[in-house]
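Here's a quick tour of the fold, sheet by sheet, with a few stops at the ligand and the loops. Keep the viewer open while you read.

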Amino acid sequence: MQETNRLYTDLAWLWPLWGGAAAEYADYSEHVIALIRQYSEREVRTLLDIGCGGGKNVYNLKRSFNVTGLDLSPTMLAQAKELNPECTFVHGDMRSFSLNRSFDAVLMDDAIAHMNNRVDFEEAFRAAYAHLNPGGVMVVTPDVTVENFQQNKTTTFSATKDGLDVVFIENVYDSDTSDEQYETTILYLIREQGSLRIETDHWVMGIFTLDTWRQVLHETGFQTHEKQYRLGEDEYTVFVCVKPQ
Ligand SMILES: C[S@@+](CC[C@H](N)C(=O)[O-])C[C@H]1O[C@@H](n2cnc3c(N)ncnc32)[C@H](O)[C@@H]1O
């Protein structure tokens with residue numbers, strides 16, 4: 001049995017090095033803030049970040065909104081709180097949480113890729129919808145869709161901090177294109193004071209066509225607008241989803 005989701009559990013201490021520092025998420029957060037301001041039909045004061053992880057997006061969003069973060073991993077939530085002590089964080093499953101309050105805006109970022117079957121995918125949007133005020137906006141950006149998936153793509157990223165050198169090698173592979181899943185395999189080369197340790201991780205992720213995204217968001221009740229976000233060579237579809245008044 002391959003180990004899974006270690007980046008959010010026993011290897012979560014590597015999270016601050018994964019994908020760069022919180023400031024490097026600023027450009028995407030600015031994009032999200034601008035879309036929320038453009039499409040919201042209400043004043044936006046509060047935002048719920050679903051699957052907030054270590055709180056890097058929260059770090060950039062909190063300058064504009066009163067932010068609450070939700071995540072399944074207590075270890076990631078602890079990091080998010082350390083980075084953003086002034087914000088509220090709650091433990092919950094994005095498919096089934098119930099907070100007894102709603103928000104003016106919702107961000108559902110890369111955590112949605114962990115919804116690896118149609119039932120979980122639909123439940124996550126229903127839960128988000130239930131926590132959004134009428135006229136409010138949810139922004140969600142698929143990392144991967146059937147249309148932009150690159151079979152066997154391997155990316156390498158290295159980072160250094162306090163005597164720790166880490167190389168992350170990430171490979172994506174879809175072994176059965178007739179289902180709605182693909183695999184992400186990560187190899188971690190961790191050198192602490194020069195001593196090498198090698199760890200592995202394996203995630204089963206969800207992959208859907210853009211038409212499935214459109215259909216599920218529509219059936220959930222959202223009115224959606226499609227925008228683009230460019231990061232280096234890559235371009236992503238951004239769904240801006242308004243909850244009707
Ligand atoms: C890549 S991280 C998110 C990082 C985040 N965008 C940030 O700004 O730091 C993905 C997160 O999704 C969370 N996650 C996965 N499945 C979840 C679920 N069912 N409910 C809530 N969170 C979940 C993981 O615990 C992980 O922290």
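## Ground rules

Two strands count as paired if DSSP finds at least two bridges between them. Helices (H or I, at least four residues) and strands (E, at least two) are DSSP runs, numbered from the N terminus.

This is a predicted model, where local features need pLDDT of at least 70, side-chain atom pairs count only at pLDDT 80 or more, and totals for chains, interfaces and linings use all residues. Residue numbers start from 1 along each chain as its sequence is written.

Now for β4. Strand β4 (residues 103-108) runs parallel to β5 (residues 132-140), with 5 bridges between them. On the β1 side, strand β1 (residues 46-50) also pairs with β4 in the parallel sense, over 4 bridges. Alanine 105 shows up in both pairings: its bridge partner in β5 is valine 137, and leucine 47 has alanine 105 as its bridge partner in β4. Leucine 107, for its part, is bridged to valine 139 in β5. Getting from β4 to β5, the chain passes through helix α4 (residues 118-130), and this β-α-β crossover is right-handed (with the strands pointing away from the viewer, the path from the first strand over the helix to the second runs clockwise).

How many residues of β4 are buried? The count is 6 of its 6, so β4 is mostly covered; buried means 20 or more other C-beta atoms within 10 Å of a residue's own, exposed means 12 or fewer, and partly exposed is in between, with C-beta atoms placed from the backbone.

## The four-stranded sheet

The other sheet to look at is open too, with 4 strands in the order β6-β7-β8-β9 and antiparallel pairing. Since β6 (154-161) and β9 (195-206) are at the edges with a single partner strand each, one side of each has no neighbour in the sheet. The twist here averages 15° from one strand to the next.

Asparagine 171 has threonine 185 of β8 as its bridge partner.

## Around the ligand

The ligand is surrounded by 20 residues, the closest being Gly53, Asn57, Ser73, Met94 and Ala111 (near means a C-beta atom, placed from the backbone, within 6 Å). By class, this shell holds 7 nonpolar, 7 polar and 6 charged residues. Ala, Val, Leu, Ile, Met, Phe, Trp, Tyr, Cys and Pro count as nonpolar, Asp, Glu, Lys and Arg as charged, and the others, Gly among them, as polar.

## Loops worth a look

Most residues other than glycine have a negative phi. Asparagine 100, in the loop between β3 and β4, has a positive phi near 60°. Asparagine 100 counts as exposed because it has 5 C-beta neighbours inside 10 Å.

Glutamine 193 lies in the loop between β8 and β9, and its phi is positive as well, at about 50°. Glycine 194 is found in the loop between β8 and β9 and is exposed, with 7 other C-beta atoms within 10 Å. The C-alpha atoms of glycine 194 and arginine 42 are 54 Å apart.

Methods:
Axes fitted to C-alpha atoms, helices over the stretch in contact; angles between N-to-C directions.
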